[in-house]
Amino acid sequence: MSLRSAVAAPFQGRGEGELAESEFVVALSLDRDWFSPEQATRLADVAVGEGFLERTESGLVPSFDPGSVTIPEEFVPSEDLLRQRSAFEQVLDALVAEGIDKREAVADINELQQSLAVTIETAAVLYARRRGVEVSEAAERALAELGD
């Protein structure tokens, strides 16, 4: 996933397990020239929202091992990463990553949504859980969206 790669790069480059947010922004904007400083800050916000980063008192900590991510030499992240995905998109991506056909999943989720009269996000989380796919982050977001 390119968001994981974009988040891993500053930690790999600095060889650190935690970075000040300013170091993260400098690594993405000046060192790699992938984003403007404002975009790099937005990427940090999106990565926190998606569960790839955690904010601590002293900076940003990845929720995964950045060293386990292979970043191809020619990799340049898309600006699409700056848009936070919906809970439904997160679940769908998780399902596809587990080898479930995207069209089949969407059709089944739509059917589940109609039969249960729930939101698309709720149906997607239920569908994923029935198939043993871990989507707790998306489930929490879907629940939070219900309260909005």
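Residues are numbered from 1 along each chain as its sequence is written, and side-chain values use heavy atoms, with hydrogens and water left out. Because the model is predicted, local features need pLDDT of at least 70 and side-chain atom pairs count only at pLDDT 80 or more, while totals for chains, interfaces and linings use all residues.

**Overall make-up**

The protein has seven helices and two strands; helices (H or I, at least four residues) and strands (E, at least two) are DSSP runs, numbered from the N terminus. Their order along the sequence is α-α-α-β-β-α-α-α-α. Taken along the principal axes, the C-alpha atoms fill a box of roughly 50 × 35 × 25 Å.

Of the 148 residues, 41% are buried; buried means under 20% relative accessible area, exposed over 50%, and partly exposed in between (1.4 Å probe, protein chains only). The protein exposes about 8300 Å², of which carbon and sulfur atoms supply 47%. Accessible areas come from the Shrake-Rupley method with a 1.4 Å probe, and for residues only the protein chains shown count as cover.

Among contacts (heavy atoms within 4.5 Å) between residues at least 6 apart in sequence, 57% join residues at least 24 apart. The protein carries 13 positive and 29 negative charges, whose mean positions are 5 Å apart. Lys and Arg count as positive and Asp and Glu as negative, with His and the chain ends not counted; a charge is placed at NZ of Lys, CZ of Arg, CG of Asp or CD of Glu.

Asp33 and Ala117 are non-glycine residues with positive phi.

**Arg55**

Arg55 belongs to strand E1 (residues 53-56) and is partly exposed, because its relative accessible area is 40%. Apart from neighbours within four places in sequence, Arg55 is in contact with Glu21, Ala44, Asp45, Val48 and Leu60. The Arg55 side chain makes a polar contact of 3.0 Å with that of Glu21 and another of 2.5 Å with that of Asp45. A polar contact is a pair of N or O atoms within 3.5 Å; within protein, one must be able to donate a hydrogen and the other to accept it, and residues adjacent in sequence count only if both atoms are side-chain atoms. Leu92 is 37 residues from Arg55 along the chain, and their C-alpha atoms are separated by 26 Å.
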